[in-house]
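The structure is shown first, followed by the computed description.

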Amino acid sequence: MQHNDVLEGCAGGEAVESCDVLIVGAGFAGMYMLHLARRLGLSAVVVETASGVGGTWFWNRYPGARCDVESMQYSYSFSEELQQEWHWSERYASQPEILAYANYVAMKFDLLRDVKFNTRVMRAAFQEEESRWLVSTDQGTQYRAKWCVMATGCLSAAQTPNILGLETFKGGIYHTGNWPHEGVALSGQNVGVIGTGSSGIQVIPELAKQANHLYVFQRTPNFSIPARNRAMDADYENSWKKNYAERRALARSMPAGILSQFGDKSALAVSAEERRQEYERRWAAGGTSFMAAYPDLLRNAEANDTAAEFVREKIRQAVQDPMVAEPLVPVDHPIGAKRICADTNYFETFNRENVTLVDIRANPIRDISPGGVTAGSDFYELGSLVLATGFDAITGALNKIEIVGRQGLALTEKWRDGPKTFLGLMSTGFPNLFIVTGPGSPSVLTNVIVAIEDNVKWIAECIAYLIDVDAEYIEATASAEETWMEEVRKTAEGTLYIQAKSWYLGVNVPGKPAVFMPYVGGLPTYQKICDDVANEGYRGFSIGKRPN
Ligand code: FAD
Ligand code: NAP
């Protein structure tokens with residue numbers, strides 16, 4: 001099983017390449033999966049639609065794109081040598097630096113020779129007789145693989161809004177999730193931006209510096225905490241590098257896999273003054289660990305409102321004109337129930353003379369015409385339009401592939417009313433098909449690199465076990481899947497997450513079933529369940545022997 005062999009021709013006359021593991025996607029998940037598959041002595045191929053590695057950080061090249069998990073933590077932990085030799089230049093790494101890191105990893109571990117770039121997987125069909133996946137691409141190539149790993153990303157299917165006349169717009173249209181590599185020259189232009197989620201909040205201050213005038217079309221205001229990004233402090237970097245193993249382990253014991261200072265008392269158990277001091281301290285420190293102040297912020301509406309109100313006050317202080325400040329104040333969801341944003345001068349940007357907030361909740365966009373956008377009764381003449389409108393998250397990239405399991409079952413059909421998996425890792429009816437950070441895993445609520453490493457390691461160990469016991473297939477049982485989905489649903493219902501119209505719930509995509517997709521029980525609880533399942537001989541999975 002050491003080499004990729006070209007086997008026989010297929011129906012279309014193309015050769016079918018055989019490998020042990022076919023991996024879709026060359027982001028951090030696919031890259032690590034390739035590395036571990038090789039360490040098992042398996043042949044593996046990665047198929048990637050982009051022309052390079054890095055996934056999210058390959059595509060999201062908009063000005064201001066940056067991580068909101070500290071650099072010392074948003075990086076692989078699997079190689080001590082790697083984490084010692086790589087130097088991050090800022091507290092929060094910028095997109096170009098993270099992409100450079102992804103490329104460095106690819107070179108260091110010699111990954112590129114097994115990645116087929118510029119190739120999109122269109123179809124993956126399980127061949128029951130031989131227990132193999134037959135994977136077809138838009139380049140006409142086909143692969144036959146024993147195991148297929150979907151490392152397609154939770155935020156990789158950019159979502160273009162369905163706005164009347166969008167296609168008639170004569171200027172440039174740029175989605176933040178698919179930003180042109182050569183950059184975009186916007187200076188001197190009137191620019192419109194639709195969307196004020198994390199991407200919008202990062203790109204808006206940068207666009208404001210370039211545009212003649214920037215119109216921000218906002219439907220829902222968001223909570224954001226100042227990132228307080230800065231150059232990497234050498235002592236801080238050294239303290240991490242000296243204690244990496246210990247700190248990574250500690251981070252993994254925390255709900256989001258991020259080393260943060262967690263408060264242990266209810267927000268309601270302390271005085272208003274003590275609470276304010278705590279929020280002020282965290283606001284001054286910057287970053288999303290603001291939400292770690294009290295353990296009940298995402299469980300108790302009254303507790304949550306103390307933090308929400310604090311941030312609302314900060315927004316009103318930052319924005320000089322109260323008529324502009326008020327529509328920027330989020331009131332329709334608990335703080336943190338949508339992914340909290342981290343910004344650099346976002347609210348202050350609305351004090352600039354060349355920036356106008358257009359409240360499209362009050363005055364909805366009527367249409368887009370060749371020269372601009374009409375919202376309410378006003379027309380905004382634009383040279384370029386930036387769409388920071390997010391993603392068909394968690395299931396989008398998977399559903400774009402025609403995945404056909406046992407007895408001709410299509411994944412899109414099975415997931416018609418919402419995704420169903422066991423642990424986010426496998427879906428019943430789709431043997432030998434693993435998903436990294438799939439629906440039903442905590443991935444998007446965590447430092448995603450940690451979630452990726454844990455999932456990929458679990459998958460690699462599972463494959464090693466299957467080889468050991470000479471098994472031909474593994475499949476999640478229907479009852480294990482049902483029990484897990486119930487657990488995912490119940491856990492979410494105990495929190496305030498379900499009170500926000502977020503992409504976690506899928507409601508940002510017209511027609512997508514409203515099902516809360518991530519597991520909110522925290523990374524350590526999830527990982528213990530995954531480990532217990534494995535240690536108990538893959539409880540909840542049926543494992544078949546090699547046919548004679
Ligand atoms: P991705 O990086 O999305 O890679 C998936 C790859 O699969 C892509 O390259 C895609 O082209 C490829 N692919 C998909 N479908 C196909 C197909 N059919 N055929 C071939 N190739 C395919 N997470 C954090 O923890 N902290 C952050 O601060 C953070 N910031 C983010 C900022 C932005 C702008 C975005 C969009 C996401 C951010 N995330 C963040 C989440 C981020 O997606 C993950 O941290 C991580 O990069 C995901 O890696 P991945 O390999 O799972 O997926
Ligand atoms: P998002 O959070 O889904 O935000 C999309 C924005 O577009 C929302 O403001 C939404 O408004 C608006 N929108 C969508 N369709 C619209 C329409 N038809 N008309 C008007 N407005 C519309 O997407 P995102 O900002 O790209 O972020 C997605 C996730 O990626 C984040 O939550 C985060 O996990 C990750 N990310 C992280 C960072 C970071 O700081 N590291 C940066 C970017 C992204 P409504 O709210 O009203 O729907």
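## Surroundings of ligand 1

In this predicted model, the side chain of Tyr74 places an N or O atom 2.5 Å from an oxygen atom of ligand 1. Such a polar contact is a pair of N or O atoms within 3.5 Å; within protein, one must be able to donate a hydrogen and the other to accept it, and residues adjacent in sequence count only if both atoms are side-chain atoms. Another oxygen contact involves Trp57, with a polar side-chain atom 3.4 Å from an oxygen atom of ligand 1. Thr49 contributes a polar backbone atom, 3.2 Å from a nitrogen atom of the ligand. On its own, ligand 1 has 980 Å² of accessible area, of which the protein covers 95%; accessible areas follow the Shrake-Rupley method with a 1.4 Å probe, and for residues only the protein chains shown count as cover.

The shell around ligand 1 has 34 residues, and Glu48, Thr56, Asp68, Tyr74 and Val448 come nearest; a residue is near if one of its heavy atoms lies within 4 Å. By type, the shell comprises 17 nonpolar, 13 polar and 4 charged residues. Here Ala, Val, Leu, Ile, Met, Phe, Trp, Tyr, Cys and Pro count as nonpolar, Asp, Glu, Lys and Arg as charged, and the others, Gly among them, as polar. Helix H1 (28-39), helix H2 (56-59) and helix H13 (448-468) each supply at least two shell residues, and H2 has the largest share with 3 residues. Helices are DSSP runs (H or I, at least four residues), numbered from the N terminus.

## Surroundings of ligand 2

Arg66, Thr196, Ser199, Arg219 and Thr220 come nearest among the 24 residues around ligand 2. A backbone N or O atom of Arg66 lies 2.9 Å from a nitrogen atom of the ligand, while a polar backbone atom of Ser198 is 3.0 Å from one of its oxygen atoms. Lys338 brings a polar side-chain atom to 3.1 Å from an oxygen atom of ligand 2. Taken alone, ligand 2 exposes 910 Å², and the protein buries 86% of that area.

Helix H5 (residues 198-210) gives the most to this shell, with 3 residues. The shell divides into 9 nonpolar, 9 polar and 6 charged residues. At least three residues come from each of domain 1 and domain 2.

## Domains and their contact

The automatic or database domain assignment gives domain 1 (6-157 + 393-490 + 521-544), domain 2 (160-222 + 338-390) and domain 3 (260-337). The C-alpha centres of domain 2 and domain 3 lie 27 Å apart.

## Conventions

Residues are numbered from 1 along each chain as its sequence is written, with chains lettered from A and ligands numbered from 1 in the order in which they are written. Local features need pLDDT of at least 70, side-chain atom pairs count only at pLDDT 80 or more, and totals for chains, interfaces and linings use all residues, while side-chain values use heavy atoms, with hydrogens and water left out.
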